Amino acid sequence: MERALAQTDDLMMEGRWNEARRHCAAILNRWPDQPDTLLRLCRIAGRTDGPAAALDRIRRTVAAQPGLMEAYAHLGAALKTLERAGEAAAGYARAVAIDPAGSAEILYNLGNLLRTTGRPEEATARYRQAIALRPDFPEAWFNQGVALRSLERTEDAVTAYRAATVLRPDYPRARINLANALMTLKRHAEAIPHYEAALALGMDEAAHYGALASALETLGRMRDAEAALRRGLLRWPEATNLHGLLGKILFSQGRMIEAEACHLKLAVLPSCDPNIFVSLCGIETARGDPGKAREWCDRALEANPDFEVATRNRLLTLAYESHDPAMVFAEHRRHGDRFARPHHAAAKPHGNLPDPDRRLRIGYLSSDFRNHAVARNLLPVLAAHDHRAVEVFCYACSETSDSITASFQHHADHWRPVGGDDDDAIADRIRADGIDILVSLAGRFDGNRPLVCARRPAPIQISFHDVATSGMEAMDYLVADPALCPRDSAERFTERILRLPSFYVTTPLRHAPAPMPPPMAVTGQPTFGSFNNPAKVTGEVLDLWARLLDRLPAARLILKYLDRYENPELRDCTLSRLTAAGIDTRRVQLMASVDRVVSHLALYDRIDIALDPFPFCGSTTTFEALWMGVPVVTLPRGTMVSRWSAAMLKTLGMADLIAGDEEAYVAIAARLASDLPRLSAMRSGLRARVRASPLCDGPLKARQMERLYRAVWRRWCAGPPPVTEVM
């Protein structure tokens with residue numbers, strides 16, 4: 001019999017199934033119901049017969065040999081093929097009951113059945129049993145990881161996937177799943193080698209190159225991310241996601257022409273993702289051409305009229321140009337009506353206790369709790385809050401974190417990471433926390449989520465550190481000061497304006513180098529400079545600066561922003577504009593390097609007077625210049641976004657540096673350039689003046705904000721929320 005069975009096995013290995021079946025029949029004629037032969041007939045039936053016929057053969061085997069574990073295993077597999085999951089699970093369970101110690105493979109198959117039929121919790125138990133019997137079972141570890149991921153037990157899934165890769169280092173699916181799980185846990189550095197290993201093992205799908213590049217990008221390894229994408233594009237040249245991500249990474253490095261080329265390849269496709277048009281909008285904005293930027297936003301809205309991000313970017317482009325305030329307000333109202341108003345009807349009444357004197361729950365909503373200008377302006381307030389008066393909640397809409405993030409986490413009473421949640425989920429979380437006053441920070445910028453406020457999750461909602469109206473009726477108030485929002489301004493807001501005595505506050509730059517004497521004391525000629533984002537340095541701004549240089553033929557101009565002026569296109573555009581205005585470009589220095597903060601601040605030793613762009617003026621840049629003893633000449637227009645520098649200068653008692661028009665701007669700068677004693681006095685005394693001012697007084701600003709919060713809260717407690725005022 002053993003020889004006959006061996007011959008049968010040889011036929012089966014060669015795929016000669018019918019001959020193998022005849023051998024089995026001959027064996028059974030001599031040894032009826034011989035179990036090994038019956039099992040072979042089950043295998044043959046599974047390979048050659050239809051599902052129903054195979055099941056019949058297996059059932060006959062079970063009837064003949066009811067104690068045969070393998071027969072029930074075949075029964076479970078056949079029933080699974082017929083999608084009779086309950087019966088299949090029972091068959092597998094019966095096999096396990098017959099021989100628990102030898103059933104690792106059957107438990108694994110049962111786990112697969114349970115997992116694929118929506119019972120992952122039970123599946124994990126069966127995989128666990130299989131692994132207990134066979135710890136060196138990489139497939140069981142892998143599928144355990146899959147089941148755990150579906151249960152959102154990501155840490156446990158990582159353990160399972162890692163075990164599979166240790167047992168089988170050349171297991172590409174386990175490598176990919178492990179890398180993806182690590183990315184979910186924000187363990188990007190750990191994910192990278194597993195993506196690389198999977199790619200080396202042949203899992204070279206376009207999505208995997210994109211995932212690797214995303215991990216590298218998150219870690220700031222832009223050049224490595226670029227290399228990964230270019231490798232992927234050699235293999236998948238038509239992969240739109242790789243072109244789009246490459247464009248994003250090139251843009252982050254200021255390589256505008258290359259970034260634009262990546263996006264333009266996709267922009268001509270009939271099914272182009274509207275996000276590509278928004279990326280092209282960002283490129284044109286960075287070039288200082290807001291008009292072209294708006295055209296790309298319009299393209300995005302043509303493709304998808306419901307694309308709120310495109311509308312918000314379009315509104316942002318308005319900040320870079322001077323416009324009729326009525327038109328700007330109408331655009332913002334249109335955005336609010338289109339995207340915020342539809343959520344008003346679903347807003348629920350608030351159950352907040354209307355006690356005017358109780359401790360208030362303040363929620364700060366932002367994507368910028370990190371090394372960002374908004375964070376540096378808010379942190380002094382948050383650090384100085386009186387926690388007897390306010391209970392602070394931070395709703396972090398970004399998954400990026402750094403040492404400044406850690407400071408926010410330390411000073412907040414409650415930290416809520418909501419970056420992966422949609423607007424409804426964030427609003428529900430805020431409402432569940434019982435927030436009394438929700439503060440939306442810099443809503444129109446970056447990854448912020450102003451439409452959370454459209455859900456009205458808190459009874460009072462305040463816009464803070466934004467540069468214009470939100471256009472939303474659900475936003476009750478906007479914080480400013482008398483310089484940012486003068487009462488006689490033509491600019492209009494859906495919010496009611498809350499004016500602090502002064503607005504700007506930040507942490508003193510403690511590690512900044514001591515100011516040096518103005519360079520004009522050595523050279524005898526003035527040097528002007530601007531370290532602002534080139535997006536703000538539009539053609540109109542360059543034309544005015546050219547007028548100043550023309551008035552002072554010996555003066556020089558230095559421009560710098562990170563390494564952006566290393567880009568040939570930006571350099572050519574800037575110098576061409578100045579040349580067209582009659583300026584010898586040998587008088588212009590375009591600096592290009594990414595410096596540490598201390599090195600960056602030391603560059604102010606090279607300029608005598610800082611020139612503020614308009615209408616989108618400086619903020620952090622203005623403060624840095626003043627801290628280094630460098631006066632800033634500014635030209636506020638008719639909008640809040642143009643008045644940040646003016647607000648700082650008024651706080652410092654330096655309103656004579658605020659120009660009323662272009663001619664005054666040139667005159668003020670020229671007058672300063674001829675007053676070396678004043679420039680020298682500023683170099684030696686301005687830092688102490690700034691340090692002693694409200695610009696660096698976090699506790700003062702915290703008390704002011706707390707009084708403001710208390711005032712609007714008492715107003716709410718006294719009756720219904722105020723009717724929205726249009727100002």
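User: Where is the place of arginine 187?

Analyst: In this predicted model, arginine 187 belongs to the loop between helix 11 (172–184) and helix 12 (188–200).

User: Why is arginine 187 called partly exposed?

Analyst: Its relative accessible area is 23%. Buried would require under 20% and exposed over 50%, so arginine 187 falls in between and is classed as partly exposed.

User: How far apart are the C-alpha atoms of arginine 187 and histidine 323?

Analyst: A distance of 46 Å separates the two C-alpha atoms, and the residues are 136 residues apart along the chain.

User: What makes the pair of phenylalanine 503 and tryptophan 644 edge-to-face?

Analyst: The structure has 17 aromatic pairs by the rule applied here. In the pair of phenylalanine 503 and tryptophan 644, the ring centres are 5.1 Å apart and the planes meet at 75 degrees.

User: Are phenylalanine 503 and tryptophan 644 buried or exposed?

Analyst: Both phenylalanine 503 and tryptophan 644 are buried, a class that requires under 20% relative accessible area.

User: Which residues do ring pairs link into a cluster?

Analyst: One such cluster consists of Tyr108, Tyr127 and Phe137.

User: How do you know that the charged end of arginine 168 sits over the ring of tyrosine 171?

Analyst: The charged end of arginine 168 is 4.5 Å from the centre of the tyrosine 171 ring. The distance criterion is within 6 Å, joined to a condition of within 35 degrees of the ring normal; the placement is assigned as over the ring. Arginine 235 is likewise placed over the ring of tryptophan 236, with its charged end 4.4 Å from the ring centre.

User: What makes strand 8 and strand 11 a pair?

Analyst: Two bridges join these parallel strands. The criterion is at least two bridges, so strand 8 and strand 11 count as paired. Glycine 529 has alanine 610, in strand 11, as its bridge partner.

User: Why do strand 10 and strand 12 stand at the edges of the sheet?

Analyst: The open sheet has five strands in the order 10-9-8-11-12, with parallel pairing. Strand 10 (588–591) and strand 12 (632–633) each have a single partner strand, so one side of each is left without a neighbour in the sheet.

User: Which residues lie closest to the centre of the largest cavity?

Analyst: The structure holds six cavities of 30 Å³ or more, and the largest has a volume of about 100 Å³. Among its 14 lining residues, Arg312, Arg444, Pro450, Asp466 and Ser470 are the closest to the centre. Helix 19 (308–318) and helix 20 (325–340) each contribute at least two residues to this lining, which divides into four nonpolar, seven polar and three charged residues.

Conventions. Residues are numbered from 1 along each chain as its sequence is written. This is a predicted model: local features need pLDDT of at least 70, side-chain atom pairs count only at pLDDT 80 or more; totals for chains, interfaces and linings use all residues. Side-chain values use heavy atoms; hydrogens and water are left out. On a 1 Å grid over the protein atoms alone, a cavity is a set of points where a 1.4 Å probe fits but cannot get out, and a pocket is an open set with protein on both sides within 12 Å along at least five of seven lines; lining residues have an atom within 4 Å of a point. Grid points are joined across faces, edges and corners, and a volume is the space filled by probe spheres set on the points. Helices (H or I, at least four residues) and strands (E, at least two) are DSSP runs, numbered from the N terminus. Ala, Val, Leu, Ile, Met, Phe, Trp, Tyr, Cys and Pro count as nonpolar, Asp, Glu, Lys and Arg as charged, and the others, Gly among them, as polar. Rings of Phe, Tyr and Trp (its six-membered ring) pair if their centres lie within 6.5 Å; planes under 30 degrees apart count as stacked, over 60 as edge-to-face and the rest as tilted. Buried means under 20% relative accessible area, exposed over 50%, partly exposed in between (1.4 Å probe, protein chains only).
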